[in-house]
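Please open the model in a viewer and keep the selection panel at hand.

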Amino acid sequence: MARAFLVVIDSVGIGGAPDADRFFNGDLPDTGANTIAHIAAACAAGEAEEGRSGPLHLPNMDALGLGAAVKLASGVDAAGLGATPTGRWGAATEVSPGKDTPSGHWEIAGVPVPWDWHCFPDTVPSFPADLSAKIAQAAGTGGILGDCHASGTQVIADHGAEHIRSGWPICYTSADSVLQIAAHEEHFGLDRLLQLCQDIAPMVHEMKVGRVIARPFVGDEASGFTRTTNRRDYAIAPPSPTLCDWVQGAGRKVYGVGKIGDIFSMRGIDDLRKGSDEVLMQHLKDLVGEAEEGSLTFANFVEFDSLYGHRRDISGYARALEWFDRELGAVLAQLRADDMLLITADHGNDPSWSGTDHTRERTPVLIAGLGAGSIGQVGFVDIAASVAAHLDVPAVGNAQSKGRSFL
């Protein structure tokens with residue numbers, strides 16, 4: 001019985017979104033943003049030499065069709081990515097009115113977002129007074145720190161010492177529809193932070209804010225503060241059944257790797273495996289070896305986005321792509337005859353772009369196990385329809401009317 005492995009390489013966009021002019025980083029529209037092409041250009045020009053050197057080297061993804069997908073999506077030739085594809089390949093376009101993690105993943109799983117997300121204003125304070133008061137009440141503190149748009153690493157550097165002294169949680173947001181709460185794992189307590197985020201999430205979700213994210217950290221003022229891998233996302237539940245529900249409803253097993261359990265509020269997930277991207281890669285390799293017949297493995301590798309895209313670190317992003325591509329070779333070698341491995345992304349995050357927010361882009365669709373050839377321009381929902389077709393499970397809800405299989 002066929003198995004499917006759906007792998008999201010978070011934020012690895014390929015440019016060309018037809019509505020990029022409606023999305024912004026500050027005052028700059030995302031028109032022309034192209035995560036892969038701009039990283040490849042920087043590498044070819046010798047401008048991404050930290051921890052790596054030379055042109056961007058992605059032989060496995062390029063062989064599946066990455067360079068061809070960039071050209072299809074944006075009309076741009078990505079430097080060094082010119083292989084003749086031996087896999088199925090194409091470019092996917094999102095219709096949901098956001099360039100965020102839940103929107104991208106839900107639509108990939110067959111459910112476009114039917115509403116506009118609420119985002120907090122880039123002011124100080126950012127949060128309504130009643131929300132700040134309820135966070136403080138739930139935390140048992142006299143108030144909150146931060147209350148602004150901020151970088152996650154900078155906000156703990158700015159407020160970490162005061163957080164330890166006062167015990168007040170550090171609350172911040174971004175251009176995404178998100179409330180992030182940072183707290184020290186030892187001084188505040190990890191379990192206490194997770195409970196705080198869980199308690200606040202229902203009220204925030206009612207505002208159509210997509211996620212409450214727990215951001216634990218360790219360290220001290222003298223040595224500096226460092227975020228840990230114990231992040232937890234409390235996401236609003238999808239409004240209708242997703243690919244995960246379809247597969248589970250057909251009596252098949254669904255494995256989640258990385259943030260997938262958080263993004264889908266554990267709905268439709270039977271087995272969840274978490275960790276750093278390095279750990280997640282081992283989980284993926286293990287599942288290629290041991291996942292049940294007829295199952296879906298849905299994985300997200302987040303560090304392209306969280307460690308390099310938002311921080312506008314071109315060298316770091318290139319290193320992460322090259323690491324993933326090397327590891328992908330071992331994954332491809334393990335696939336069984338009836339397996340499908342589909343690699344895509346949920347949005348862009350061009351590290352050469354102005355600002356620190358995601359960028360509105362098309363995303364690659366790279367498929368191993370189903371021969372070679374172009375699938376052309378497709379929709380995000382077509383990915384769900386195609387995975388369901390490969391697994392021979394019925395698609396229901398939005399994807400039944402909007403998604404079409406490209407198999």
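Buried area is the accessible area (1.4 Å probe) that two parts lose on being put together, summed over both. This is a predicted model, in which local features need pLDDT of at least 70 and side-chain atom pairs count only at pLDDT 80 or more, while totals for chains, interfaces and linings use all residues. Residues are numbered from 1 along each chain as its sequence is written, and side-chain values use heavy atoms, with hydrogens and water left out.

**The two domains**

Colour domain 1 (3-114 + 239-401) and domain 2 (129-235) separately; these bounds come from an automatic or database domain assignment. Their centres, taken over C-alpha atoms, are separated by 28 Å. The contact (heavy atoms within 4.5 Å) takes 13 residues from domain 1 and nine residues from domain 2. Between them the domains bury about 930 Å², with 47% of it on carbon and sulfur atoms.

Next, select Asp 262 and Arg 232, which form a salt bridge with the closest N and O atoms 3.0 Å apart. The term denotes a side-chain nitrogen of Lys or Arg within 4 Å of a carboxyl oxygen of Asp or Glu. Across the interface of domain 1 and domain 2, the rule finds one salt bridge. On the side of domain 1 that touches domain 2, the elements giving two or more residues are α4 (101-108) and α9 (260-263). Helices (H or I, at least four residues) and strands (E, at least two) are DSSP runs, numbered from the N terminus.

**Lys 99 and its partners**

Select Asp 30 and Lys 99, whose side chains meet in a salt bridge at 2.6 Å, N to O. Asp 30 lies in the loop between β3 (28-29) and α1 (35-44) and Lys 99 in the loop between β4 (88-93) and α4, so the pair ties together parts that are 69 residues apart in sequence. Are these residues buried or exposed? Asp 30 is buried, with a relative accessible area of 0%, and Lys 99 counts as buried at 7%; buried means under 20%, exposed over 50%, and partly exposed in between (1.4 Å probe, protein chains only).

Asp 357 is buried at 10% relative accessibility. Leaving aside neighbours within four places in sequence, the contacts of Asp 357 include Phe 24, Asn 25, Ala 175 and His 310.

**Helix α10**

Now select residues 277-290. At 1.5 Å a residue, the 14 residues of α10 should span 20 Å, and the end C-alpha atoms are 19 Å apart, which agrees; the expected span is 1.5 Å times one less than the number of residues. Among the buried residues of α10 are Leu 280, Leu 284, Leu 287 and Val 288. The buried residues pack against elements including β1 (4-9), β13 (296-301) and α12 (314-334).

**Backbone details**

Finally, inspect three loops.

- The peptide bond from Val 124 to Pro 125 is cis, with omega near 5°; Pro 125 is found in the loop between α4 and α5 (129-139).
- Lys 208, although not a glycine, has a positive phi of about 65°, and it counts as partly exposed at 30% relative accessibility.
- Ser 265, in the loop between α9 and β12, has a positive phi of about 50° although it is not a glycine.
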